[in-house]
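Here are my notes on the side-chain contacts, point by point. Have the model open while you read.

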Amino acid sequence: MVVKAQAWTTGRAGKGLIRFVGSVEDAEQAAAAILATQVGDFPVTEVLVEERVAVATERYAGIILDDRRRCPVLLLSARG
């Protein structure tokens, strides 16, 4: 399984906010540790637990707000 913090931040894996676990007990411990974390001034209040699957390639997709253009911008990348 994979336990992921649901937080508005980049680089979640490097911050310990994404954890790979092998049992329900490990998932509970990982979720508790992640929920005890703060990202900047904001506490992590939600986690997502999902099945870990083998992935051939990963892609990043995101929508950000461009302050200068005052509109949403769609980002697609082969790297996160």
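1. Let's start with Asp66, which forms a salt bridge with Arg69, the closest N and O atoms being 3.7 Å apart. The term here means a side-chain nitrogen of Lys or Arg within 4 Å of a carboxyl oxygen of Asp or Glu. Asp66 counts as buried at 18% relative accessibility, whereas Arg69 is exposed at 54%. For those labels, buried is under 20% relative accessible area, exposed is over 50%, and partly exposed is in between (1.4 Å probe, protein chains only).

2. A word on the ground rules. This is a predicted model, where local features need pLDDT of at least 70 and side-chain atom pairs count only at pLDDT 80 or more, while totals for chains, interfaces and linings use all residues. Residues are numbered from 1 along each chain as its sequence is written, and side-chain values use heavy atoms, leaving out hydrogens and water.

3. How many salt bridges does a search of the whole structure find? It comes up with 2. Besides the Asp66 and Arg69 pair, there is a salt bridge between the side chains of Lys4 and Glu50, at 2.8 Å from N to O. Lys4 sits in strand 1 (residues 2-5) and Glu50 in strand 5 (residues 47-50), so this pair ties together parts that are 46 residues apart in sequence. Strands (E, at least two residues) and helices (H or I, at least four) are DSSP runs, numbered from the N terminus. Lys4 is partly exposed, with a relative accessible area of 22%, and Glu50 is also partly exposed, at 30%.

4. Strand 5 also holds Val49, which is partly exposed at 44% relative accessibility.

5. Now the inside. The largest nonpolar core has 10 residues, including Val3, Leu17, Ile34 and Val44. Strand 1 and helix 1 (24-35) each supply at least two of its residues, and helix 1 gives the most, with 4. Such a core is a set of buried Ala, Val, Leu, Ile, Met, Phe, Trp, Tyr and Cys residues joined through side-chain atoms within 4.5 Å.
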